[in-house]
Amino acid sequence: MVVRSSERLRAAEEVVAQLREGLRDVAVTLPSLRVDLVSLAGEAPYPLVDLGRCNLDTALRLAAVLQGLKP
């Protein structure tokens, strides 16, 4: 099945929203979380999700959350 570029963009936007909501539920905010616009510039856009940069406190909270998910 071929996925059109508009469908890829829509899927990327939806996953960014899902990530933002899930991270908010565990008190982690990644201010730069977004669809990477540069990845949409080519003839056959393949959107990337930019998780962005965060400060040390946010990175520590995210690491703690991920550690809690390990079996």
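Reply: The protein chain of this predicted model contains 2 helices and 2 strands, and along the sequence these elements follow the pattern α-β-β-α. The C-alpha atoms fill a box of roughly 40 × 25 × 20 Å along the principal axes. The radius of gyration of the chain is 14 Å, whereas a compact globule of 71 residues would have one near 11 Å. Of these 71 residues, 17% count as buried.

The backbone of Ala27 has a positive phi of about 65 degrees, although Ala27 is not a glycine. Most residues other than glycine have a negative phi. Ala27 counts as exposed because its relative accessibility is 51%, and the cut-off for that class is over 50%.

With a relative accessible area of 32%, Val15 is partly exposed. Together with Leu19, Val49 and Leu51, Val15 forms a nonpolar patch on the surface, and the accessible area of these four residues is about 270 Å².

The other helix, H2, covers residues 56-69 and has 14 residues. From its first C-alpha to its last, H2 reaches 20 Å, close to the 20 Å expected at 1.5 Å a residue. At the start of H2, a side-chain oxygen of Asn55 comes to within 3.2 Å of the backbone nitrogen of Asp57.

Notes: Residues are numbered from 1 along each chain as its sequence is written. This is a predicted model: local features need pLDDT of at least 70, side-chain atom pairs count only at pLDDT 80 or more; totals for chains, interfaces and linings use all residues. Side-chain values use heavy atoms; hydrogens and water are left out. Buried means under 20% relative accessible area, exposed over 50%, partly exposed in between (1.4 Å probe, protein chains only). Patches are made of residues with over 30% relative accessible area and no salt bridge: like charges are joined within 9 Å, nonpolar side chains (Val, Leu, Ile, Met, Phe, Trp, Tyr) within 5 Å. Accessible areas come from the Shrake-Rupley method with a 1.4 Å probe; for residues, only the protein chains shown count as cover. A salt bridge is a side-chain nitrogen of Lys or Arg within 4 Å of a carboxyl oxygen of Asp or Glu. Helices (H or I, at least four residues) and strands (E, at least two) are DSSP runs, numbered from the N terminus. The expected span of a helix is 1.5 Å times one less than its number of residues. A polar contact is a pair of N or O atoms within 3.5 Å; within protein, one must be able to donate a hydrogen and the other to accept it, and residues adjacent in sequence count only if both atoms are side-chain atoms. The radius of gyration is taken over C-alpha atoms; the globule rule is 2.2 Å times the number of residues to the power 0.38.
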